[in-house]
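Here's a walk through a fold, one neighbourhood at a time. Have your viewer open and follow along.

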Amino acid sequence: MLSKIRKPFTYTFRNVTLFIILINVAVFLLEGIYPPLKYYFSLNIINCLGKRMFWQPFTYMFIHGNFQHLLFNMLGLFFFGTSVEKAIGSKEYLLMYLVTGTLCGCFSLLTYYFTGSYMIFLMGASGAIYGMLLAYAVIFPRSKIWIWGLIPVSSPILVIAYAVIEFASQIFGSKDGVAHSVHLAGFFFSWLYFLVRMGINPIKVWKNYR
């Protein structure tokens, strides 16, 4: 069973990251032309389950609330996603991105259902992008990321710091409108992808590069 799950793709590089960015930009422009698109594509319990819009755990990651939301997500995807794609190939990268993002959507659907959060409309690619951030830290554990262009931080430390911040924000009830649980889910499902699909334990990788 595992041998089938872990069967590798033939390596190709097709710059899928750029295509994902272009799709997100195109959908954002379509939102301006046809505003109800946000209603149909973002993830909402009533729409998804009550009105049978079962595509929403997938499509929510291509919808953004405003230009700033889109810009920061796409910048993160460009900087981290491109390197990950070059390292593992476009097919593996696309599968990881879509699986991580969709599982984040399914996780959110269950969370909102059991907590009675029926009025939330989840949108944005940040769950999948946080998954790519973790992937970057696993593939490039010695990489240094410069915070504000001044402070060098190793990629695993950055992931841990983000995870702590997101967890604290979720626990203490941050009211900033950011779906912190989705970000944490992005880390978790990317982690799970490495374990199940690639047979790689991120903790062991980081221990070897301390």
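Leaving aside residues up to four places away in sequence, Asn47 touches Tyr39, Arg52, Met53, Gln56 and Phe121, where contact means heavy atoms within 4.5 Å. Asn47 is found in helix H4, residues 45-50; helices here are DSSP runs of H or I with at least four residues, strands are runs of E with at least two, and numbering goes from the N terminus. With a relative accessible area of 2%, Asn47 is buried. On that scale, buried means under 20% relative accessible area, exposed means over 50%, and partly exposed is in between, using a 1.4 Å probe and protein chains only.

Before going on, some ground rules: this is a predicted model, so local features need pLDDT of at least 70 and side-chain atom pairs count only at pLDDT 80 or more, while totals for chains, interfaces and linings use all residues. Residues are numbered from 1 along each chain as its sequence is written, and side-chain values use heavy atoms, with hydrogens and water left out.

Back to Arg52, one of the residues that Asn47 touches. Arg52 is in the loop between H4 and helix H5 (56-59), and at 63% relative accessibility it counts as exposed. Its backbone deserves a look too. Most residues other than glycine have a negative phi. Arg52, not a glycine, has a positive phi of about 60°. Asn15 does something along those lines, with a positive phi of about 55° although it is not a glycine either. You'll find Asn15 in the loop between helix H1 (2-5) and H2, partly exposed at 28% relative accessibility.

Now for helix packing. Two packed helices are described by the angle between their axes and the distance between the axes. The axes are lines fitted to C-alpha atoms, for helices over the stretch in contact, and the angles run from 0 to 180 degrees between N-to-C directions. Helix H2 (residues 16-33) packs on helix H6 (residues 67-88) at about 170°, with the axes 9 Å apart. H2 and H6 are therefore roughly antiparallel; that label applies over 145 degrees, with under 35 roughly parallel, 65 to 115 roughly perpendicular and the rest oblique. Residues of H2 in this contact include Ile20, Ile21 and Phe28, and those of H6 include Leu70, Met74 and Phe78. Ten of the contact residues are nonpolar, four polar and one charged. In this scheme Ala, Val, Leu, Ile, Met, Phe, Trp, Tyr, Cys and Pro count as nonpolar, Asp, Glu, Lys and Arg as charged, and the others, Gly among them, as polar.

Helix H7 (residues 90-115) and helix H10 (residues 180-196) pack at about 135°, again with axes 9 Å apart. That angle makes H7 oblique to H10. The H7 side of the contact includes Leu95, Val99, Leu103 and Phe107, while the H10 side includes Val182, Ala185, Phe189 and Tyr193. By class, there are twelve nonpolar, five polar and one charged residues.
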